[in-house]
Amino acid sequence: MDARPEEAAGPDGLLTWFNDLPVVRWIGVECVDVEVGRVRAVLRVRPEHRNPGGAVNGGVLLAAADVVAGAAVTSTGPPGTGAATTDLTMHFLAAAAAVAAPLRLEAEVLRRGRGNGVPHVRISDADGRLCAVATGTWVVREPEGCPG
């Protein structure tokens with residue numbers, strides 16, 4: 001994930017920065033709430049997100065989880081912090097067959113160490129049914145001069 005610029009200080013700045021990232025717009029994710037170590041977002045399902053059976057393609061869910069988890073890890077550092085995925089595992093629990101309402105993604109950083117973060121992402125449909133969970137590790141690059 002690109003390093004968060006100085007202007008992206010605080011939750012509102014991080015939310016704006018995240019929603020303006022080209023990959024986030026391309027996937028169709030929108031961040032709706034940010035706290036330190038937590039991000040809530042929605043995935044507005046488009047026709048091209050669906051597999052032949054009508055459910056959301058697993059790769060789309062994985063990409064959405066990746067960017068939301070990256071934002072959660074990035075939120076744990078000061079402006080200028082960057083984070084990059086080193087591994088990400090997803091478990092698909094139920095078909096994500098959202099029709100009109102978006103899917104909900106909730107990312108929480110379970111552990112933030114000196115040079116990495118471990119986030120967990122839950123993806124649910126509009127009825128609250130858990131469709132997928134993901135956990136991974138992100139390497140974190142703090143801005144120069146910050147303790148890391």
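Gly-117 has its place in strand 5. In this predicted model, Gly-117 is buried, with a relative accessible area of 0%. Residues up to four places away in sequence aside, Gly-117 touches Val-73, Arg-111, Arg-112, Gly-136, Thr-137, Trp-138 and Val-140. One of these residues, Val-140, lies 23 residues from Gly-117 along the chain, and the C-alpha atoms of the two are separated by 6.9 Å. Another, Val-73, is among the buried residues of helix 3.

The protein chain as a whole contains three helices and six strands. Read from the N terminus, these elements follow the order α-α-β-β-α-β-β-β-β. Of the 148 residues, 44% count as buried. The accessible surface of the chain comes to about 7,300 Å², and carbon and sulfur atoms account for 54% of that area. Where contacts link residues at least 6 apart in sequence, 59% of them join residues at least 24 apart.

The six strands form an open sheet with the order 1-2-4-5-6-3 and antiparallel pairing. Strand 1 (29-35) and strand 3 (82-92) are the edge strands, each pairing on one side only. On average, and with direction ignored, neighbouring strands of the sheet are turned by 20° against each other. Helix 3 packs on this sheet and touches strand 1, strand 2, strand 3, strand 4 (103-112), strand 5 (116-124) and strand 6 (130-141). The direction of helix 3 makes about 140° with that of strand 3.

Two residues lie between the strands in the hairpin of strand 1 and strand 2, where Gly-37 takes a positive phi near 80°. Strand 2 is in turn joined to strand 4 by six bridges, and these two strands run antiparallel. Leu-43 faces Leu-103 of strand 4 across this pairing.

At the N-terminal end, helix 3 is capped by Asn-57, a side-chain oxygen of which lies 2.6 Å from the backbone nitrogen of Gly-59. Twelve of the 17 residues are buried, and helix 3 is thus mostly covered. The buried residues are Val-60, Leu-61, Ala-64, Ala-65, Val-67, Val-68, Ala-69, Gly-70, Ala-71, Ala-72, Val-73 and Thr-74.

Ser-75 is found in the loop between helix 3 and strand 3. With a relative accessible area of 6%, Ser-75 counts as buried because that value is under 20%. The side chain of Ser-75 reaches the backbone nitrogen of Gly-37 at 2.8 Å, and Gly-37 belongs to the hairpin of strand 1 and strand 2. Neighbours within four places in sequence left aside, the contacts of Ser-75 are Leu-14, Val-34, Glu-35, Val-36, Gly-37 and Arg-38.

Leu-14, one of the contacts of Ser-75, is a buried residue of helix 1 (residues 10-20). The buried residues of this helix are Gly-13, Leu-14, Trp-17, Phe-18 and Asn-19. Their cover includes helix 2 (22-27), strand 1 and helix 3.

In the segment after strand 6 lies Glu-142. The relative accessible area of Glu-142 is 18%, which is under 20%, and therefore Glu-142 counts as buried. The side chains of Glu-142 and Arg-112 are joined by a polar contact of 2.5 Å. Arg-112 is also among the residues touched by Gly-117.

Definitions and conventions
Residues numbered from 1 in each chain as written. Predicted model: local features only at pLDDT ≥ 70, side-chain atom pairs only at ≥ 80, totals over all residues. Heavy atoms only, no water. Buried < 20%, exposed > 50% of the residue type's maximum accessible area, 1.4 Å probe, protein only. Helix = DSSP H or I, 4+ residues; strand = E, 2+ residues; numbered from the N terminus. Polar contact = N/O pair within 3.5 Å; in protein donor to acceptor, adjacent residues only side chain to side chain. Contact = heavy atoms within 4.5 Å. Areas by Shrake-Rupley, 256 points an atom, 1.4 Å probe, with all protein chains shown as cover. Pairing = 2+ DSSP bridges. Axes fitted to C-alpha atoms, helices over the stretch in contact; angles between N-to-C directions.
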